[in-house]
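Dear colleague,

Please find below the structure that I am handing over to you. My notes on what was found in it follow directly after.

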Amino acid sequence: MKILHLDSNHDLLIHQLNGIGFTNHEDYKSSKALVEATIHEYDGIVIRSRFSIDKQFLDAAKNLKFIGRVGAGLENIDCDYAQSKGIYLISAPEGNRNAVGEHTLGMLLSLFNKLNEADAQVRQGKWLREDNRGIELDGRTVGLIGYGNMGKAFAKKLKGFDVEVLCYDIKNNVGDANAKQVPLSEFQEKVEVLSMHTPQTPLTLNMINAAFINQFKNPFWFLNTARGKSVVTNDLVSALKSNKILGAGLDVLEYEKASFESLFSSKMPEAFQYLIKSEKVLLTPHVAGWTVESKEKLAQTIVDKIKAKFY
């Protein structure tokens, strides 16, 4: 098989595919149009998020047998059209789920204990102990929206705490020993910490909006290590200002480009200006799943799935 790699990844990916006799070409810089002109020569492509794989691209890829996406989501691929053409879709949520679980827990504990704020103050020579009194996680109810690979990984990390973990998912019977699946009404009645672990789909776009937020009985802490476009940022900011949301840990933002490699290209939105100034908000640049270990595990997962299907 002849495979085109469109993003750089861990060296083991190409090394192992070479080892089983596949031909691997790397093109990390050509425009989408140039790639499209030669894609008919390839049996497979491996991509992260460099550009979208749409109908026009797929029509040009006349010999394509698989698309490997080195990451958890497939939203940059027209999945329905690809599958209608018999193209096998491969993703690797198993590769970075542990990293996401650890990052999410880290954000939550940092918010509860004001670690970033306290660190900044000490660096300025301020020693404000009472101002930085934290709160404890034990005894609280943590709710996870989406209970697949990422949600399960976070729930596993919470086992060391005396917390009740609830999950809400559109699929039935996904709960386990680490999280009890409940209807949305019970979820919104009990949750004190809300964490997003959903893919980007038409159902999750703008899901976290004013109406949804206001259905929760308790003020809550909000974590999003999933997809930025699930949240209406203006409504999030309003909830932060009113203390309906007590604090937010955001690894992803509504304003990210489709490639996830950069933020907005135009004027900085007013809501984002609030987020970067607020001491109630912790921000990271879409790196929850990016660890030294996950880079290797993501690549290995893709290799293993290609081998299982085509070797």
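**Findings on asparagine 9 and other sites**

The side chain of asparagine 9 comes within 3.1 Å of the backbone oxygen of aspartate 7. Please note that the model is a predicted one. Asparagine 9 sits in the loop that joins strand E1 (2-5) to H1. Its relative accessibility is 15%, so asparagine 9 counts as buried, the cut-off for buried being under 20%. Leaving aside residues up to four places away in sequence, asparagine 9 touches Val46, Arg48, Val70 and Lys295.

The next point concerns a pair of helices. Helix H1 (residues 11-19) packs against helix H12 (residues 292-310) at an angle of about 25°, and their axes are 8 Å apart. H1 is therefore roughly parallel to H12, since angles under 35 degrees count as such. The crossing of H1 past H12 is right-handed. On the H1 side, Leu12, Leu13, Gln16 and Leu17 take part; in H12 they meet Glu296, Ala299, Gln300, Ile302, Val303, Ile306 and Lys307. Sorted by class, this contact comprises seven nonpolar, two polar and two charged residues.

Two backbone angles also deserve mention. Most residues other than glycine have a negative phi. Asparagine 243, however, is not a glycine and has a positive phi of about 70°. Asparagine 243 belongs to the loop between helix H10 (233-242) and strand E11 (245-250), and at 42% relative accessibility it counts as partly exposed. Histidine 286 likewise has a positive phi, near 55°. Histidine 286 lies in the loop between strand E12 (281-283) and H12 and is buried, with a relative accessible area of 16%.

Yours sincerely

Note on methods. Residues are numbered from 1 along each chain as its sequence is written. This is a predicted model: local features need pLDDT of at least 70, side-chain atom pairs count only at pLDDT 80 or more; totals for chains, interfaces and linings use all residues. Side-chain values use heavy atoms; hydrogens and water are left out. Axes are lines fitted to C-alpha atoms, for helices over the stretch in contact, and angles run from 0 to 180 degrees between N-to-C directions. Helices (H or I, at least four residues) and strands (E, at least two) are DSSP runs, numbered from the N terminus. Angles under 35 degrees count as roughly parallel, over 145 as roughly antiparallel, 65 to 115 as roughly perpendicular and the rest as oblique. A crossing is left-handed if the near helix is turned anticlockwise from the far one by less than a right angle, and right-handed if clockwise. Contact means heavy atoms within 4.5 Å. Ala, Val, Leu, Ile, Met, Phe, Trp, Tyr, Cys and Pro count as nonpolar, Asp, Glu, Lys and Arg as charged, and the others, Gly among them, as polar. Buried means under 20% relative accessible area, exposed over 50%, partly exposed in between (1.4 Å probe, protein chains only). A polar contact is a pair of N or O atoms within 3.5 Å; within protein, one must be able to donate a hydrogen and the other to accept it, and residues adjacent in sequence count only if both atoms are side-chain atoms.
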